[in-house]
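Please consult the sequence and the coordinates alongside the text.

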Amino acid sequence: MKIYLIDTFTDTLFQGSPAVVAVMEQWPSDRELLLLARENAVPESAFLVRQEDRYHIRWFTHQKEISLCGHATLAAAYVVNQFLEPNCQTILFHSLAGEITVACRPSGLFEMSFSAFNLQPADFSDALREVVGVAPKQVYLGRDYLLVYDDEQTVRSIHPNWREGMNFGGKLISVTARGQQYDCVSRTFVPHNRMAEEEACGSAHCHIIPYWSRVTGKKKLRAFQASSRGGLLFCSYEDGKVLIAGSCALYLTGETAGPLSGK
């Protein structure tokens with residue numbers, strides 16, 4: 001089994017969000033996939049099996065299978081374009097989130113098409129206050145939470161406060177503000193995973209971009225994820241679709257030593 005470790009939403013090693021992509025001929029058990037994800041020791045791993053003209057993709061954290069992961073999809077597109085179907089222009093993934101189309105641009109960007117999440121106003125609960133500390137000007141709930149602040153520095157300075165048992169129903173917590181160099185900046189916290197913050201989260205921008213597109217009137221936005229490693233996303237929003245494009249930097253390629261033995 002071939003494996004690839006890739007930094008995503010960056011063209012520079014050791015920045016952006018790392019993901020492992022594993023290419024398989026057929027699916028092992030879910031338990032084996034979970035063990036592989038834990039062994040990979042990155043926030044999310046993508047597993048691919050080719051099915052005729054498309055690829056079946058599944059994403060796993062250290063703890064469970066998840067329904068969508070943007071940066072690991074970006075990494076998977078890079079692997080297909082560079083190693084499995086060199087210089088292909090379009091890639092189609094079948095997933096729990098539905099069909100995902102990725103366009104491979106001559107610029108080196110990989111542009112993914114996702115459905116936007118609907119945002120509804122929500123309360124700034126005591127639990128949210130305990131985590132982020134600083135009250136936002138607005139709170140929304142879609143698939144995940146979106147907290148909107150007045151300035152970029154507030155977003156950059158938040159230090160999440162976690163306590164045992166916090167889960168938020170598996171929802172992410174994204175905090176965002178207008179940027180000085182970018183149209184928007186954000187950070188995304190992950191209370192249900194053993195990691196506290198996503199370095200660059202594609203799926204979170206299915207909340208972030210529709211919001212800022214509506215506020216700014218812009219259809220195209222440059223978004224920066226202000227994590228410790230940072231991540232740059234080139235985004236568009238129109239007709240309920242969020243297009244998210246980014247670069248990738250390959251760190252390593254490898255191969256498992258033999259058949260899986262973690263049953």
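The points below are grouped by topic and refer to a predicted model.

**Aromatic pairs**

- The model contains 10 aromatic pairs.
- One of them joins Tyr 182 and Phe 224 in a stacked arrangement, with 5.0 Å from centre to centre and 10° between the planes.
- Tyr 182 belongs to the loop between strand E12 (173-178) and strand E13 (184-189), whereas Phe 224 belongs to strand E15 (residues 220-225), so this pair ties together parts that are 42 residues apart in sequence.
- Both Tyr 182 and Phe 224 are buried.
- Tyr 211 and Trp 212 pair edge-to-face, with 4.9 Å between the centres and an angle of 85° between the planes.
- Tyr 211 has a relative accessible area of 3% and is therefore buried, and Trp 212, at 2% relative accessibility, is buried as well; the cut-off for this class is under 20%.
- Tyr 211 and Trp 212 also belong to a cluster with Tyr 140, linked by ring pairs.

**A charge over a ring**

- Arg 58 places its charged end over the ring of Trp 27, at 5.2 Å from the ring centre.

- Glu 199 lies in the loop between strand E14 (197-198) and helix H5 (205-216).
- Although Glu 199 is buried, it has no salt bridge. Arg 229 provides the nearest side chain of opposite charge, at 4.8 Å, while a salt bridge requires the nitrogen and the carboxyl oxygen to be within 4 Å.
- Two polar partners of the Glu 199 side chain can be named: the side chain of Ser 228, in a polar contact at 3.4 Å, and the backbone nitrogen of Arg 229, which lies 3.2 Å from a polar atom of that side chain.

- Ser 95 is part of strand E6 (residues 90-95).
- With a relative accessible area of 6%, Ser 95 is buried.
- A polar atom of the Ser 95 side chain lies 3.0 Å from the backbone nitrogen of Ala 97, and one lies 2.9 Å from the backbone oxygen of Gly 98.
- Leaving aside neighbours within four places in sequence, Ser 95 is in contact with Ile 57, Trp 59 and Ile 100.

Methods
Residues numbered from 1 in each chain as written. Predicted model: local features only at pLDDT ≥ 70, side-chain atom pairs only at ≥ 80, totals over all residues. Heavy atoms only, no water. Phe/Tyr/Trp six-rings, centres within 6.5 Å; stacked < 30°, edge-to-face > 60°. Helix = DSSP H or I, 4+ residues; strand = E, 2+ residues; numbered from the N terminus. Buried < 20%, exposed > 50% of the residue type's maximum accessible area, 1.4 Å probe, protein only. Lys NZ or Arg CZ within 6 Å of the ring centre and 35° of its normal. Lys, Arg positive; Asp, Glu negative; His and termini not counted. Polar contact = N/O pair within 3.5 Å; in protein donor to acceptor, adjacent residues only side chain to side chain. Contact = heavy atoms within 4.5 Å.
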